[in-house]
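This report describes selected local features of one protein model. The sequence and structure are shown below.

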Amino acid sequence: MPDAGGAERIDREDRGRATWGSKLAFLLAAAGGSVGLGNVWGFPTLAGQNGGAAFLAVYLLAVATIGTPVMLAELAIGRRARRNPIGAFRRIAPGTAWVAFGILAVFSMIVIIGFYSVVAGWTLVYVGRAASGGLGGGDAAAAFAELAADPARAIGSTFAFLGLTVAIVAGGVRRGIERWSKILMPILFVLLALLTARAVTLEGAGGGLAFYLQVDLGELTPAAVLAAVGQAFFSLSLGTGAMITYGSYVSAEDDLPSSTAWIVGLDTGVAFLAGLLVFPTLFHAGFPPDVEGPGMVFVAIASLLGSIPPEPWGGLVFGTGFFLLLAVAALTSGIAMLEIPVSWLIDERGAPRRKAAVGIGAVAFALGIPIALSGGAVETLSRLPGLGIDLLSLLFTVFGQYALVVGALGVSLFVGWSRKGREAAREIAGASARFALEGPWRLLIRFVCPVAIGGILVSLVAASIAG
């Protein structure tokens, strides 16, 4: 016999749960949760290292066939359960091992926001440097090394970024996340459009456009294919629990397939425009397209600002806009990361939102301190005693790659093969609509997505062994 008292309690909790004020607010917030440094920085970096246009073609295909189905599945889980990732699996499939995927997502986000905030803090420092005319001259590589080696500045910028993120999340779903998404996302889109328009008109930009848009299948190596599929997966923040959490605030009437299409389109559009921005800029300055790591933005882009016409203020405006774009992208993504464990504390532990946001922010800051210090005199703090293992690389590999891949694999298996999961996704189009592509979606989520995500996992393991 059903537990009438339990059902009544759940209904009462659901009625008091926050919801998005409008579909536009949800789309902007969810797109902001997906868009981050991986779109503006990570995507051009990988495209530059893996053939440019050939990489782009595989990336777009992977977004359509892998990323979109999994995102729709995550949103469906969140809306059905109206809970954080742990609470969602626990409510839909109580007493089963599926909850382990929710636990993995929440715990991973606490760790990831710690080291993500360090890198995001660099973008805040560079906004100030660019606005004051402190970029574009001298040795950009040495300037970045100086920043990374300055413990006080690194810790300060990490604290500043986390402080902004905590303040927004503490404001709540509507007064915090939704309100600021409506401000930050239009700023991001306008900055990206203006900077891209300027980049494609720079002298020498044609070479960058050709590299990025003219497909050469000879550049399509197996490594490039895996890199493109992996970037499509990571770019959409799959496996993080963000879409489960944001989906839990969605109305029962919302058409999730159309919302998913908009979110994926906005996220992919940002990545695509980032390539149109970065490659013409690099070719203008004579840099190769395969600049690695932080060098792509904090060295290569920073070093060429002095050469962007009209002088002397062309580089100042371009540089300030570019690093402000990075900072906004980092912040919108950071908000989603923080909301995941905060939502867990509110749902499962009954914590007040402000205390939950401050508490998780404090834990993340403590985790970020040794990473912020790792470039300076206290380098040993970033290494595991006696093992000689770089802690930042270890955390990124375990939580920023393996955990997310395993989490997304769990979502696809849960919705594709579990009876409880299939029931949870039964009304993905909304209570008053029908999903016309439900058949193809179920085929993708049951067979294509698990195989593709499993392939990413195998490639990560192989790379770790080879390395």
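## Positive surface patch

A patch is made of residues with over 30% relative accessible area and no salt bridge, where like charges are joined within 9 Å and nonpolar side chains (Val, Leu, Ile, Met, Phe, Trp, Tyr) within 5 Å. A salt bridge here is a side-chain nitrogen of Lys or Arg within 4 Å of a carboxyl oxygen of Asp or Glu. The model is predicted: local features need pLDDT of at least 70, side-chain atom pairs count only at pLDDT 80 or more, and totals for chains, interfaces and linings use all residues. Residues are numbered from 1 along each chain as its sequence is written, and side-chain values use heavy atoms, with hydrogens and water left out.

Arg-80, Lys-420, Arg-422 and Arg-426 form a positive surface patch. Arg-426 is found in the loop between helix 18 (419-424) and helix 19 (438-466), helices being DSSP runs (H or I, at least four residues) numbered from the N terminus. With a relative accessible area of 56%, Arg-426 is exposed (over 50%; buried means under 20%, partly exposed in between; 1.4 Å probe, protein chains only).

Helix 11 comprises 14 residues, 222-235. Its buried residues include Ala-224, Ala-227, Phe-233 and Ser-235.

Ser-237 follows helix 11 and lies in the loop between helix 11 and helix 12 (242-247). Although Ser-237 is not a glycine, its phi is positive, about 60 degrees. Ser-237 counts as buried, at 11% relative accessibility.

## Other loop features

Arg-82, in the loop between helix 4 (53-81) and helix 5 (85-92), has a positive phi near 55 degrees. Arg-82 is buried, with a relative accessible area of 13%.

The peptide bond from Pro-309 to Pro-310 is cis, with omega near -5 degrees. Pro-310 is found in the loop between helix 14 (295-303) and helix 15 (314-349).

How values were computed: Accessible areas come from the Shrake-Rupley method with a 1.4 Å probe; for residues, only the protein chains shown count as cover. Lys and Arg count as positive and Asp and Glu as negative; His and the chain ends are not counted. The place of a charge is taken as NZ of Lys, CZ of Arg, CG of Asp or CD of Glu. Helices (H or I, at least four residues) and strands (E, at least two) are DSSP runs, numbered from the N terminus. The expected span of a helix is 1.5 Å times one less than its number of residues.
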